[in-house]
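Let's walk through this structure together, one piece at a time. Have a look at it first, and then we can start with the words we need.

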Amino acid sequence: MNDLDKNTEALLTGAMVTAPDDFRDAVMQRVAAHERELQQELMAIEKAGLQPVPWWQWMALTVGSLIGVGQVLRFIFSVWFVTAAG
Amino acid sequence: MTSEHSLPECDSPPDYLGGDPVAFGELVMRYQDSLFAYLGRMGLSDAECQELAQEAFLRSWINRSKYDPAIAAVATWLFTITRNVALDRLTRRSISVNEDELVDQQTDLSRAANPQHQYEQHQSIDRLRQALATLSAEDREVIAACYTPEIADTSAMLNCSEGALRTRLSRARKRLATAMEKLDKPHE
């Protein structure tokens with residue numbers, strides 16, 4: 001036999017599996033959970049964006065910048081000194 | 001190939017596109033049985049059908065902003081998502097399913113049904129599922145799509161011409177018939 005019999009045709013045409021009664025609720029629960037998760041992520045991003053930078057970070061940035069500028073000036077001065085000394 | 005009792009197609013853009021959960025719930029109610037039937041035709045178990053149908057609906061909710069009513073009908077959009085979810089599952093796991101597991105799982109279902117005709121119906125469905133499970137993902141998707149009347153443009157969904165679709169369906173049906181024969185005569 002190379003083709004499908006009538007019973008198989010009927011099974012394929014009909015529904016071999018049907019949705020359970022509470023399927024819609026299960027989907028809606030997953031949708032609600034997804035929306036909650038999304039909301040929480042957005043709130044976390046917003047919170048992180050609005051939070052002021054702590055003082056010690058500003059302090060570290062300032063001190064670091066001063067040290068960096070000092071190093072550059074020191075290098076320039078040493079080059080000038082060597083050149084001037086002949 | 002396709003039955004006459006197909007659902008009327010939604011012409012207007014669905015309300016759930018705007019994020020209305022009530023409208024989405026109505027969409028789920030409208031298409032849940034068709035999606036289950038489609039997944040069943042791919043030879044998937046009841047539990048897998050439920051899991052994948054949920055996943056498909058969830059994806060359609062998450063990606064609702066990507067849906068364009070000018071390109072495809074809602075049904076086509078939903079079935080395309082379902083097809084992708086199912087193919088993803090079939091290709092990720094070994095295509096040759098654990099048949100013993102399948103038989104055990106479905107025998108339990110069969111035993112739960114007391115009337116004789118229901119039992120016989122379950123047996124036939126089990127047999128068909130086992131045969132479908134031996135087919136490749138490509139064969140299963142073409143059978144599932146062609147036997148689902150809600151899919152308006154099957155060839156477009158499967159990215160092939162009408163002629164190629166007919167050939168693919170014919171081959172898939174032959175392979176299914178052979179698989180069912182083998183199940184009937186396992187020692188030959």
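Helices (H or I, at least four residues) and strands (E, at least two) are DSSP runs, numbered from the N terminus. This is a predicted model, in which local features need pLDDT of at least 70 and side-chain atom pairs count only at pLDDT 80 or more, while totals for chains, interfaces and linings use all residues. Residues are numbered from 1 along each chain as its sequence is written, and chains are lettered from A and ligands numbered from 1 in the order in which they are written.

Begin at the loop of chain B between H7 and helix H8 (162-184), where you will find B:Asn159. Its phi is near 55 degrees, a positive value in a residue other than glycine. Most residues other than glycine have a negative phi. Is B:Asn159 buried or exposed? A residue is buried if 20 or more other C-beta atoms lie within 10 Å of its own, exposed if 12 or fewer, and partly exposed in between, with C-beta atoms placed from the backbone. B:Asn159 has 8 such atoms within 10 Å, so B:Asn159 is exposed.

Now turn to helix H3 (residues 74-92) of chain B. The buried residues of H3(B) include B:Trp77, B:Phe79 and B:Leu90. The buried residues of H3(B) pack against helix H1 (21-40), helix H2 (46-62), helix H6 (137-146) and helix H7 (154-157) of chain B.

Finally, see where the chains meet. Two residues are in contact if their C-beta atoms, placed from the backbone, lie within 7 Å. Chain B brings 32 residues to the contact and chain A brings 23 residues. On the side of chain B that touches chain A, H1(B) gives the most, with 11 residues.
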